[in-house]
Amino acid sequence: MSVAEAMTSKAVRGLPGATVLQILPALTETPAARAAVDVAVALLRSGARVIVAAEEGPLNSDLQGLGGEWVRLATGSANPLALSRNANTIATLVSTERVDLVHARGVGASRSAATLKKKAGVWLVHSYATADLRRLSRDKSYSRALLAGDRVVAPSRYVADQIAALHQVAPEKLAVIPRRIDGARFDPPAISPERATVLRRSWKAGRGQRVILVPGRIDPANGQLMLVETARILTNGGLRGVIFVLAGDNRQHFDYARSIAERAEAHGVAHLIRQIGVCPDMAGAYLAADFVALPQTEPPAFPLAAAEAMAMGRPVIAANVGAIPEVVLAPPHVLELRRTGWLAEPDDPLSFARAIAAALATEAAAYSALGAQARAIAAQYFTPVRTAAATLSLYANLFEGR
């Protein structure tokens, strides 16, 4: 059924009075589930009805406490019989509950909802599962599901381009809505300076030393080993009073973490690089740092750590790869007055050393302006209220035939 036929086959009620069904794996503490609850809150406030079909989880109480409805549905299986059973369950829900729009989050949810356009003529939105980009070959069943939708939501323009190339989704069907950050958690006025002081002390950061925080799992894809050579270049150039704090789990790539320590020792910069493991207080860690570095070698779908750092008013020095330049703004992509950080070539220690040197040379007034700009952009695009509002705007455009 075409979009035009769908519009004429049933009355379109618009957001107030509409019924929206969200399908996701489970109401557990995951980004997809949190985003679904954010959207549910916004929909309920707009006068819409919200049903969530998923496995049960801790966020179920949040959803139902706010007035949302929950239906148990398991979408994790790729078994054709399970997919057929789910499709029938969803179609029945759509018919009996007069659902106007279905939003599928996750590969299983999208596959289960793929036949709805033929069966029910509802609007169908997919949130793209970025883990699909790591597959060695195209998932044809997922492609068919995405192509059956009216819109496919990507977390970045980089991912939208990948979807268009990999799954042949038409550009007009693609929408970019960035991932959410926890605006209440990453809010500088809400964090006591003592938290930052305690962390700096635990990192053995001396008085007056500047801290470059490197968040993220210790992993070759995250490029932390390159920072050893970067530190050596900076030290040989006369730079003093700076340390690198690597905050991330090293258990999955323990050999890589050991290589970082061994190379730092061999290059005479071991005293500048601190591997602290998992940091339970990342908001405090951003506040304790002066800059945040993201030396990724593999392109991220969305650099969540960069968005969190910006919300905390910290400029970011990052590899110019994947979706990073969409979040970390720097010339020549933007005017100087829009800068929120510095970009360097991926896996290029000299390029990174130059970017770090430029960042460290920033005068106090310019540094404060950068931090304020970063916070403003994070508040404008990455908070739960903003990302949910963008999703509702997408729904409204569909209801209005745009």
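In the predicted model, helix α2 meets helix α17 through Asp 38, Val 39, Ala 42, Leu 43 and Ser 46 on the α2 side and through Pro 384, Ala 388, Thr 391, Leu 392 and Tyr 395 on the α17 side. The residues of this contact divide into seven nonpolar, two polar and one charged. The two helices, of which α2 spans residues 31-46 and α17 spans residues 384-399, have axes that come within 9 Å and cross at roughly 60°, and the crossing of α2 with α17 is right-handed.

A further helix pair is formed by α13, which covers residues 304-311, and α16, the axes of which come within 7 Å and cross at roughly 120°. Here the crossing is left-handed, and the contact is built from Ala 307, Met 310 and Ala 311 of α13 together with Ala 374, Arg 375, Ile 377 and Ala 378 of α16. Among the residues of the contact of α13 with α16, six are nonpolar, one is charged and none is polar.

Helix α16, comprising residues 364-381, also takes part in the lining of the second largest pocket, to which both α16 and α14 (324-327) supply at least two residues each. This pocket holds about 400 Å³ of space, and of the 18 residues that line the second largest pocket, Arg 157, Glu 326, Val 327, Leu 329 and Phe 382 are the closest to its centre. The greatest contribution to the lining comes from α14, with three residues. By residue class, the lining of the second largest pocket consists of twelve nonpolar, three polar and three charged residues.

Definitions and conventions:
Residues numbered from 1 in each chain as written. Predicted model: local features only at pLDDT ≥ 70, side-chain atom pairs only at ≥ 80, totals over all residues. Heavy atoms only, no water. 1 Å grid on protein atoms, 1.4 Å probe; cavity = no way out; pocket = protein on both sides within 12 Å on 5 of 7 lines; lining within 4 Å. Points joined across faces, edges and corners; volume = space filled by probe spheres on them. Helix = DSSP H or I, 4+ residues; strand = E, 2+ residues; numbered from the N terminus. Nonpolar A, V, L, I, M, F, W, Y, C, P; charged D, E, K, R; others polar. Axes fitted to C-alpha atoms, helices over the stretch in contact; angles between N-to-C directions. Left-handed = near helix turned anticlockwise from the far one by under 90°. Contact = heavy atoms within 4.5 Å.
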